Amino acid sequence: MASIVSPFRTGYRYLQYLAHEQPVIFFSCALGLAGPALALGIPPIRRRYFGYTTPDPIPTSYPVPKRPRREVQGYEDQ
């Protein structure tokens, strides 16, 4: 049974060592582990409790006027 828990215990001790000796690496690991959980958890919380709605999509084309097009005059390449 101890062999199953040993990798977790070793990892925990290493994180304790990093927290005391090299806090920059420890906090980098903590943020790296929290990132995926936050990416999945924050959007539903924003929608449910803060009323966030997805913005309208950005237009990808210029709106064409609803009238017949007239011929361009005066800009011929002749």
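Predicted model: local features only at pLDDT ≥ 70, side-chain atom pairs only at ≥ 80, totals over all residues.
Local features need pLDDT of at least 70, side-chain atom pairs count only at pLDDT 80 or more, and totals for chains, interfaces and linings use all residues. Residues are numbered from 1 along each chain as its sequence is written, and side-chain values use heavy atoms, with hydrogens and water left out.

Begin with the whole chain. The C-alpha trace spans about 85 × 40 × 25 Å along its principal axes. The radius of gyration, taken over C-alpha atoms, is 29 Å, whereas a compact globule of 78 residues would have one near 12 Å (the globule rule is 2.2 Å times the number of residues to the power 0.38). Of the 78 residues, 1% count as buried (under 20% relative accessible area, with a 1.4 Å probe and protein chains only).

Next, colour by secondary structure. The chain has two helices and zero strands; helices (H or I, at least four residues) and strands (E, at least two) are DSSP runs, numbered from the N terminus.

Now select Tyr49, which is placed in helix H2 (residues 23–50). Is Tyr49 buried or exposed? Tyr49 is exposed, because its relative accessible area is 59% and exposed means over 50%.

Then select Gly35, also in helix H2. Gly35 counts as partly exposed because its relative accessibility is 31%, and this class lies between buried and exposed.

Gly35 and Ser61 are 26 residues apart along the chain, and their C-alpha atoms are separated by 35 Å.
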